[in-house]
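Please read them with the model open.

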Amino acid sequence: MSDYAIELGETVQPFTCTHCGEEAVTVSGSVSEQEAPYAIYFAALMTPHEQISARLTISLGGWGDDDEAERQWAYIEVRPKDGESCAMMIRDAKESLHKNEKVLGTPMSRAEVLKSPLRDEFYAVADYIVFKDPAVKSYLAGDEVSLVGREKPE
Ligand SMILES: [Zn+2]
């Protein structure tokens, strides 16, 4: 984990939840490993919901050389557990708001991720985002979404 570094996307993007119609927010960012681009992510923070849930869209591979064919992406739901840690659940990529964004590469279903050698990398990057992105971290802690390092929504 210590080889990773994070760069936060500038904006906090509101979106309308398809389930309840309330407004939630998405933040984004990228992760590098040993200074090479490694992953990009979107984190949907379900702020109107009573149950705290951050939904991460994470794309791995080919970010250094612009090769979309090498990229694969997964959709992971993160919920707080026992006040200290988080529970992570791989979901199907087609559930993600970003399912039509070709730049992310090939979407992976839950079954594909679970049997993939990338599985542990997805978990490691998700863990790092939860720990390092102030918006995601504050939200999962039950606090107001922190805008540290970002601009306010328009
Ligand atoms: Zn909702």
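1. A loop residue to begin with. L104 sits in the loop between β7 (85-91) and β8 (106-107); helices (H or I, at least four residues) and strands (E, at least two) are DSSP runs, numbered from the N terminus. L104 counts as buried because 23 other C-beta atoms lie within 10 Å. The cut-offs are 20 or more other C-beta atoms within 10 Å of the residue's own for buried, 12 or fewer for exposed, and partly exposed in between, with C-beta atoms placed from the backbone. Leaving aside neighbours within four places in sequence, L104 is in contact with S59, R71, W73 and H98, contact being C-beta atoms, placed from the backbone, within 7 Å.

2. Basis of the model. This is a predicted model, in which local features need pLDDT of at least 70, side-chain atom pairs count only at pLDDT 80 or more, and totals for chains, interfaces and linings use all residues. Residues are numbered from 1 along each chain as its sequence is written.

3. Overall layout. The chain has three helices and eight strands, and from the N terminus on they run β-β-β-β-β-β-β-β-α-α-α. Its C-alpha trace spans about 35 × 35 × 30 Å along the principal axes. The radius of gyration is 15 Å, which agrees with the value near 15 Å for a compact globule of 154 residues; this radius is taken over C-alpha atoms, and the globule rule is 2.2 Å times the number of residues to the power 0.38. Buried residues make up 31% of the 154 residues. Of the contacts with a separation of 6 or more, 48% are between residues 24 or more positions apart.

4. The core. Which residues have the most contacts inside the largest nonpolar core? They are A43, L45, I58, A74 and V136, in a core of 36 residues. Such a core is a set of buried Ala, Val, Leu, Ile, Met, Phe, Trp, Tyr and Cys residues joined through C-beta atoms within 7 Å. At least two residues of this core come from each of β3 (23-33), β4 (36-45), β5 (54-60), β6 (72-81), α2 (119-132) and α3 (134-140). β4 gives the largest share, eight residues. Beyond four places in sequence, I58 is in contact with A39, Y41, W73, A74, I76, F122, V125 and A126.

5. Strand β5. Seven of the seven residues in β5 are buried. A54, L56, I58 and L60 point one way, R55, T57 and S59 the other way, and all are buried. In a regular strand the side chains alternate between the two faces of the sheet. β5 pairs in the antiparallel sense with β4 over seven bridges, and with β6 it pairs in the antiparallel sense over seven bridges; strands pair if DSSP finds at least two bridges between them. S59 of β5 is the bridge partner of I40, and E77 of β6 is the bridge partner of R55.

6. Backbone angles to check. Q34 lies in the loop between β3 and β4 and has a phi near 45 degrees, positive although the residue is not glycine. E35 is found in the loop between β3 and β4, with a positive phi of about 70 degrees, and is not a glycine. Q34 is exposed because 8 other C-beta atoms lie within 10 Å. E35 counts as exposed, with 8 C-beta neighbours inside 10 Å.

Note on methods:
Two residues are in contact if their C-beta atoms, placed from the backbone, lie within 7 Å.
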